[in-house]
Amino acid sequence: MPKRPPSAAPRRTRTPRRIDARPAAHKRGYDHHHRRWREAVLKRFPLCVTCEREGRITPATIAHHVEEVRDNPGRRLDVENGIGLCMACHNTLHHQGPRGASR
């Protein structure tokens, strides 16, 4: 069987997946305490609250703070301050595009 001729295309090098200058997740406050809070909120609200109100059944994938952390940092890990949302409803709530484009 003949060998394949060499390709003239240059070899591609790997580029980092994230090229923005955002700090790492743990530096933005997403530590193990936040992960436990998220798990507790999603256990409490397994379905998206907004979709459920509108008669749709969509699993919640994002734990959302009802009262924003910057407004009341003391309630950051309060499970009562969280609801479960799907990505589409969370992005709509924050005035973003369907795929999470920035404001």
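**A histidine pair and the salt bridges**

The side chains of His64 and His90 make a polar contact at 3.5 Å (a pair of N or O atoms within 3.5 Å; within protein, one must be able to donate a hydrogen and the other to accept it, and residues adjacent in sequence count only if both atoms are side-chain atoms). The model is predicted: local features need pLDDT of at least 70, side-chain atom pairs count only at pLDDT 80 or more, and totals for chains, interfaces and linings use all residues. Residues are numbered from 1 along each chain as its sequence is written, and side-chain values use heavy atoms, leaving out hydrogens and water. Mean pLDDT (the predictor's confidence in each residue, from 0 to 100) is 86 for the protein.

His64 is found in strand β1, residues 62-65, and His90 in helix α3 (DSSP runs numbered from the N terminus: helices are H or I, at least four residues; strands are E, at least two). His64 is buried because its relative accessible area is 10% (buried is under 20%, exposed over 50%, partly exposed in between; 1.4 Å probe, protein chains only). His90 is also buried, at 18%.

The whole structure holds six salt bridges (a side-chain nitrogen of Lys or Arg within 4 Å of a carboxyl oxygen of Asp or Glu). One of them joins Arg76 and Asp31 at 3.5 Å, N to O. This pair links distant parts of the chain, 45 residues apart. Arg76 is partly exposed, at 21%. Asp31 is partly exposed, at 22%. Arg70 bridges to Glu68, with the closest N and O atoms 2.7 Å apart. Arg70 is exposed, at 66%, whereas Glu68 is partly exposed, at 31%. Glu67, Arg75 and Asp78 form a network of salt bridges.
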